[in-house]
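Take a look at the sequence and the model first, and then read on.

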Amino acid sequence: MTETDPAAWMARALTLARRGHYTTAPNPRVGCVLVDRGRCVGEGWHVRAGEPHAEIHALRAAGEAARGATAYVTLEPCSHHGRTGPCAVALAEAGVAKVVVAMQDPNPVVAGRGIGMLRQAGIEVEVGLLESEARALNPGFVSRMARGRPFVRLKMAMSLDGRTAMASGESQWITGPPARTAVQRLRAQSSAIVTGVESVIFDNSRLTVRASQLDLDDAEAIAARQPLRVVVDTRLRLPVAAACLREPGRTLVATVSGHDAERRERLEAAGAEVVVFPAGEDGRVDLAALLCHLAEHEQANEVLLETGATLAGAMLDAGLVDEMQLFVAPTLLGGEARPLFALPGLERMAQQRPLEILDVRAVGRDWRITARPVATGAEGLAKVP
């Protein structure tokens, strides 16, 4: 790479940022490369919240060589004092001559202020190089800052005929070990795992990240940071003996008001954190309010929705699913088995819910489909851009 190859240097910064894929939340994943006369003089990435940002690691690696260099940063350098000092100030004090920023920080506390500070210090700043790649690196952080709710990723495992469990509720195991490893990685990158009480009752899932199934070099450290477990339980039916209440980390039970106080006390004594939310039109937990709570009070960037047909359908119907991770096993469960989604009221083709397929790939003997819902009009037809 040369000084005249800025896209390649930014691509390197993005690669560095991905090293914090499982560890930076609630902060964004950020990488930084310092280049002088076509040579990298320092680089770094944000490892975890509370520790130095990517720019600081790169500046420390460069030392005096940072003076006069160009910094390639995947996200606008911060301008405020948090658990660490402002990176914009650090870059200016180090004598960096130019800063190339992939994207402006969507955090309203920053939102252009870091760029402004750099320019006021006489540093040349360019913004927008590989911006789409930088945004894709932090979908949860961008969503939380711009929309006030986390990025919701729905994971479901199904048979080739679109069934998720037998009529009895039995569902283990539809997919094979490689697919289950992929799910563990999805859990590990998530701030919270959301499920419905029915799923807990039938599967008694622990909803944890298991180091033995992660297949990552730092699996133990990643698994030690367990995501928040969230059980949507309108009528407080969660068994006090549920496995998720005995695991390390926290379990939040989302309910509505007016239910058995004694039942709530027993759940709280068993380790649950019971939070009351407003009820939607159907009398169940208002799912949009739940997501706003997770963003505001839990600083959740990415949420993994692992649940059954009812809650999955309700989230999809409310327009709260951003991405789907569908694992398809080469097997058939039959017409009596449980469907992927409960979407009542779909009676005509015009009401179908179109999806955009982003990726299809083999995972062991199974297939993994990455898709996202397509915005539709009043009749359910896809809107033309």
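Predicted model: local features only at pLDDT ≥ 70, side-chain atom pairs only at ≥ 80, totals over all residues.

Residues are numbered from 1 along each chain as its sequence is written, and side-chain values use heavy atoms, with hydrogens and water left out.

**The second largest pocket**

- The second largest pocket holds about 800 Å³ of space. Here a pocket is an open set of points on a 1 Å grid over the protein atoms alone, with protein on both sides within 12 Å along at least five of seven lines. A volume is the space filled by probe spheres set on the points, which are joined across faces, edges and corners.
- In total, 26 residues line this pocket, and those nearest its centre are Arg153, Gln189, Glu323, Gln325 and Thr370. A lining residue has an atom within 4 Å of a point.
- Helices H5 (131-137) and H7 (177-188) are among the elements that give two or more residues to this lining, as are strands S6 (151-159), S13 (323-329), S15 (355-363) and S16 (366-373). H7 gives the most, with five residues. Helices (H or I, at least four residues) and strands (E, at least two) are DSSP runs, numbered from the N terminus.
- By class, the lining has 12 charged, nine nonpolar and five polar residues. Asp, Glu, Lys and Arg count as charged, Ala, Val, Leu, Ile, Met, Phe, Trp, Tyr, Cys and Pro as nonpolar, and the others, Gly among them, as polar.
- Domain 1 (6-137) and domain 2 (140-373) each supply at least three residues to the lining. The domain bounds come from an automatic or database domain assignment.

**The enclosed cavity**

- There is one cavity of 30 Å³ or more, a cavity being a set of points where a 1.4 Å probe fits but cannot get out.
- The largest cavity holds about 100 Å³ of space. Of its 16 lining residues, Thr24, Ala25, Arg29, Asn301 and Glu302 are the closest to its centre.
- Its lining is made up of nine polar, four nonpolar and three charged residues.
- Both domain 1 (6-137) and domain 2 (140-373) give residues to this lining, so the cavity lies between them.

**Sites from the UniProt record**

- An unreviewed UniProt entry lists His53, Cys78 and Cys87 under "binding site". They span 35 residues in sequence, yet no two of their C-alpha atoms are more than 9.1 Å apart, so they gather at one spot. UniProt annotations may be inferred rather than shown by experiment.
- Cys78 is in the loop between strand S3 (70-73) and helix H3 (87-93), and Cys78 is buried at 7% relative accessibility. Buried means under 20% relative accessible area, exposed over 50%, and partly exposed in between (1.4 Å probe, protein chains only).
- Ala157 is found in strand S6 and is buried, with a relative accessible area of 17%.

**Cysteines and helix H13**

- The structure holds zero disulfides, a disulfide being a pair of cysteine sulfur atoms within 2.5 Å.
- Cys244 is buried, with 1% relative accessible area, whereas Cys292 is partly exposed at 38%.
- In helix H13 (residues 309-317), the buried residues are Ala309, Leu311, Ala312, Gly313, Met315 and Leu316. Just after H13, Gly319 takes a positive phi of about 75°.
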